[in-house]
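User: I would like to go through the terms used for this protein model and see what stands behind each one. Please set the values against the cut-offs.

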Amino acid sequence: MIPWTRISSEEYYTLFNARWMKYKKALEAFYATKWKDRWERSEKGREIAIYHPQPTKKALDLYKNRPKPFCSMLIQLRTRKIGLNSFLKSARVPNIEALCACEEEEETVEHFLFKCPRWIEQRAILNGLKTVQETLGNRENSERAVRYLLATKRLEQFGHIDCDLALEA
């Protein structure tokens with residue numbers, strides 16, 4: 001052990017800083033492991049786990065340098081917490097049935113994006129995409145999904161958003 005009375009304040013600072021950085025790195029590693037374990041066991045966030053089973057920085061690339069309205073719509077689509085009837089029914093909104101207006105099945109994100117006959121014309125924007133994971137899992141296709149959402153004008157809360165401005169990046 002170094003007797004602290006025999007070192008200069010500069011040396012003390014250097015030693016303290018080195019120890020602190022080592023301690024901080026160990027704490028970060030410990031809590032990162034703990035957080036990942038909790039993520040894997042949790043029931044929350046499972047909708048988003050189909051795209052990236054482990055939280056990574058790659059997942060954030062979908063949102064990087066994109067306008068807030070775009071990110072908001074994409075997050076809602078990916079988490080399936082969007083104003084479609086199936087979600088509204090699960091959220092116990094009064095007088096809402098999960099059935100789509102086309103009356104073929106529940107209005108889920110999958111139904112809205114790929115099956116609903118009301119949006120056949122707008123579906124051309126998706127350019128043949130067939131699955132939610134393929135559509136919402138990468139940057140290029142997610143832009144198509146948001147364009148499609150805006151083109152359908154299905155959700156009133158996005159009615160005031162200019163499509164070009166929402167997608168401008």
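This is a predicted model: local features need pLDDT of at least 70, side-chain atom pairs count only at pLDDT 80 or more; totals for chains, interfaces and linings use all residues.

User: Why is the pair of Phe112 and Trp119 called edge-to-face?

Analyst: The ring centres of Phe112 and Trp119 are 6.3 Å apart, and the planes stand at 70 degrees. Rings pair if their centres lie within 6.5 Å, and planes over 60 degrees apart count as edge-to-face. The distance therefore makes Phe112 and Trp119 a pair, and the angle makes the pair edge-to-face. Both Phe112 and Trp119 are buried. The structure holds five aromatic pairs.

User: What makes the pair of Phe112 and Tyr148 tilted?

Analyst: Here the centres are 5.1 Å apart and the planes are at 55 degrees. Planes under 30 degrees apart would be stacked and planes over 60 edge-to-face, with the rest tilted. The angle of 55 degrees falls between those limits, so the rings of Phe112 and Tyr148 are tilted. Phe112 belongs to helix α6 (residues 109-115) and Tyr148 to helix α8 (residues 139-152), so this pair ties together parts 36 residues apart in sequence. Phe112, Trp119 and Tyr148 form one aromatic cluster.

User: How do you know whether Phe112 and Tyr148 are buried or exposed?

Analyst: The relative accessibility decides, and buried means under 20%. Phe112 has 1%, so Phe112 counts as buried. Tyr148 has 0%, so Tyr148 counts as buried too.

User: What is known about the burial of Cys116 and Cys71?

Analyst: Cys116 has a relative accessible area of 1%, so Cys116 is buried. Cys71 has 12% and is therefore buried as well.

User: What makes the contact between Glu143 and Arg66 a salt bridge?

Analyst: A salt bridge asks for a side-chain nitrogen of Lys or Arg within 4 Å of a carboxyl oxygen of Asp or Glu. The side chains of Glu143 and Arg66 meet at 3.7 Å, N to O, so the pair passes. Glu143 has 24% relative accessibility, so Glu143 counts as partly exposed. Arg66 has 12%, so Arg66 counts as buried. Salt bridges with shared partners join Arg66, Glu143 and Arg147 into one network.

User: Which salt bridges does Glu107 form with Arg118 and Arg154, and how do you know?

Analyst: Glu107 and Arg118 meet at 3.4 Å, N to O. This pair links distant parts of the chain, 11 residues apart: Glu107 is in the loop between α5 (85-90) and α6, and Arg118 in the loop between α6 and α7 (132-136). With Arg154, the closest N and O atoms of Glu107 are 2.7 Å apart. Arg154 lies in the loop between α8 and α9 (163-167), so the pair with Glu107 ties together parts 47 residues apart in sequence. Both distances are within 4 Å, so both contacts are salt bridges. The whole structure holds eight salt bridges.

User: What lines the largest pocket, and what is its volume?

Analyst: The volume is about 250 Å³. The lining includes Trp35, Trp39, His52, Tyr63 and Arg78. Two or more lining residues come from each of α1 (9-41), α3 (57-60) and α4 (68-79).

User: How many residues of each class are in the lining of the largest pocket?

Analyst: The lining has eight nonpolar, three polar and one charged residues. Arg78 is in the lining, and Arg counts as charged.

Terms used:
Residues are numbered from 1 along each chain as its sequence is written. Side-chain values use heavy atoms; hydrogens and water are left out. On a 1 Å grid over the protein atoms alone, a cavity is a set of points where a 1.4 Å probe fits but cannot get out, and a pocket is an open set with protein on both sides within 12 Å along at least five of seven lines; lining residues have an atom within 4 Å of a point. Grid points are joined across faces, edges and corners, and a volume is the space filled by probe spheres set on the points. Helices (H or I, at least four residues) and strands (E, at least two) are DSSP runs, numbered from the N terminus. Rings of Phe, Tyr and Trp (its six-membered ring) pair if their centres lie within 6.5 Å; planes under 30 degrees apart count as stacked, over 60 as edge-to-face and the rest as tilted. Buried means under 20% relative accessible area, exposed over 50%, partly exposed in between (1.4 Å probe, protein chains only).
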